[in-house]
Amino acid sequence: MSTVSTALWPAGRRRVLVVGIDGVRLDLLPELHTPHLDSIAAEGFLAPVQVDDATPTMSGPCWATIVTGVGVAKHGVLGNHLGGNRLDVFPDFTTRLATAHRRRTFAAGGWEPLFLARSGGPLFAAPGRLSYIAPLEDTPAAWEVCDARVAAEAEYVLGRSDDDPQASFVYLGAVDETAHFLGCGEEYRRSIETADQHLGRLVAAVRNRPTYADEDWTIIVVTDHGHLDQGGHGGRSTLERTAWIAATGLGITPGAPVEPPHHTDVAAHVYAALDITPDPHWTLDGRPFTPLGR
Ligand SMILES: [Zn+2]
């Protein structure tokens with residue numbers, strides 16, 4: 001038997017929730033009813049992100065960059081098949097925190113490569129709690145059901161004191177699926193508004209925690225890429241390359257960051273929000289959002 005303690009660190013006050021909504025176009029947000037995202041933007045910021053030149057505007061590489069804090073040159077995810085990756089060297093923050101830092105972490109969603117050993121995955125290798133909820137078929141309607149179940153699961157986990165994850169990632173995929181099937185029309189717009197309702201449930205679960213007054217929460221909402229009008233992405237057009245990040249929480253004052261944020265900054269900010277100094281060997285490419293560390 002090893003004598004190394006496997007006890008978890010006490011949680012302390014700081015906690016982070018990252019909500020990833022796949023394929024939400026920034027340019028359409030002003031005309032949509034997204035009160036929960038609007039609240040986060042008003043408390044903190046909502047800023048454009050440009051997918052960098054080296055990164056395909058595809059879900060696999062963009063989400064890998066977002067949750068590892070390093071670019072494709074390091075994590076090696078170049079498509080929606082994640083094979084050939086170096087995620088063992090550059091793990092996602094839920095895995096890094098659970099293994100290197102003995103923190104409670106949680107990841108939930110319905111897209112296989114993020115959570116299962118399929119298509120070269122999983123991106124989330126070893127969070128403390130992992131909830132994969134499969135869509136019953138590959139259609140927008142089935143993905144809406146999936147997202148609702150993911151949100152209910154996350155609402156349950158986030159609201160309780162026993163799991164009490166310090167860092168969580170919740171993935172919603174119906175918006176992207178809708179654009180691929182139906183383009184960026186009415187159905188797509190309604191799907192974004194539904195995702196915002198799920199976001200609202202998660203924020204409420206956090207803020208209704210009995211211990212909330214004794215906690216310091218950071219909430220980050222992020223999308224991975226945009227979409228062409230007819231649906232689809234992967235190219236270099238402005239519509240495809242434009243993503244966004246919204247955040248509120250400890251150290252984030254209202255207003256846009258001094259410098260435009262990057263996808264790599266999400267994981268870097270998660271560590272900063274938990275008061276964890278990244279090991280130089282992690283070679284993070286991102287930095288915390290202003291004013292933390294900028
Ligand atoms: Zn995507």
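Trainee: Why is helix H1 called oblique to helix H8?
Mentor: The axes of H1 (residues 35-43) and H8 (residues 186-207) cross at roughly 60 degrees and come within 7 Å. Angles under 35 degrees count as roughly parallel, over 145 as roughly antiparallel, 65 to 115 as roughly perpendicular and the rest as oblique, so H1 is oblique to H8. The axes are lines fitted to C-alpha atoms, for helices over the stretch in contact, and the angles run from 0 to 180 degrees between N-to-C directions. Bear in mind that this is a predicted model, in which local features need pLDDT of at least 70 and side-chain atom pairs count only at pLDDT 80 or more, while totals for chains, interfaces and linings use all residues. Residues are numbered from 1 along each chain as its sequence is written.

Trainee: Which residues of H1 and H8 meet?
Mentor: From H1 come Pro 35, His 36 and Leu 37, and from H8 come Asp 196, Leu 199, Gly 200 and Val 203; two residues are in contact if their C-beta atoms, placed from the backbone, lie within 7 Å. These residues divide into four nonpolar, two polar and one charged, where Ala, Val, Leu, Ile, Met, Phe, Trp, Tyr, Cys and Pro count as nonpolar, Asp, Glu, Lys and Arg as charged, and the others, Gly among them, as polar.

Trainee: What makes H6 roughly parallel to H8?
Mentor: Helix H6 (residues 140-159) packs against H8 at an angle of about 10 degrees, with the axes 8 Å apart, and this angle is what makes H6 roughly parallel to H8. Their contact includes Ala 151, Ala 154, Glu 155 and Leu 158 of H6 and Leu 202 of H8, and its residues divide into nine nonpolar, four polar and five charged.

Trainee: What does Leu 202 touch?
Mentor: Not counting residues up to four places away in sequence, Leu 202 touches Leu 17, Val 19, Ala 151, Ala 154, Glu 155, Leu 158 and Val 170.

Trainee: How do you know whether Thr 253 is buried or exposed?
Mentor: We count the other C-beta atoms within 10 Å of its own, and a residue is buried at 20 or more, exposed at 12 or fewer, and partly exposed in between. Thr 253 has 10 of them, and is therefore exposed. Thr 253 is found in the loop between strand E7 and helix H10 (265-273).

Trainee: How far is Thr 253 from Pro 48?
Mentor: They are 205 residues apart in sequence and 17 Å apart in space, C-alpha to C-alpha. The bridge partner of Pro 48 in E7 is Trp 244.

Terms used:
Helix = DSSP H or I, 4+ residues; strand = E, 2+ residues; numbered from the N terminus. Pairing = 2+ DSSP bridges.
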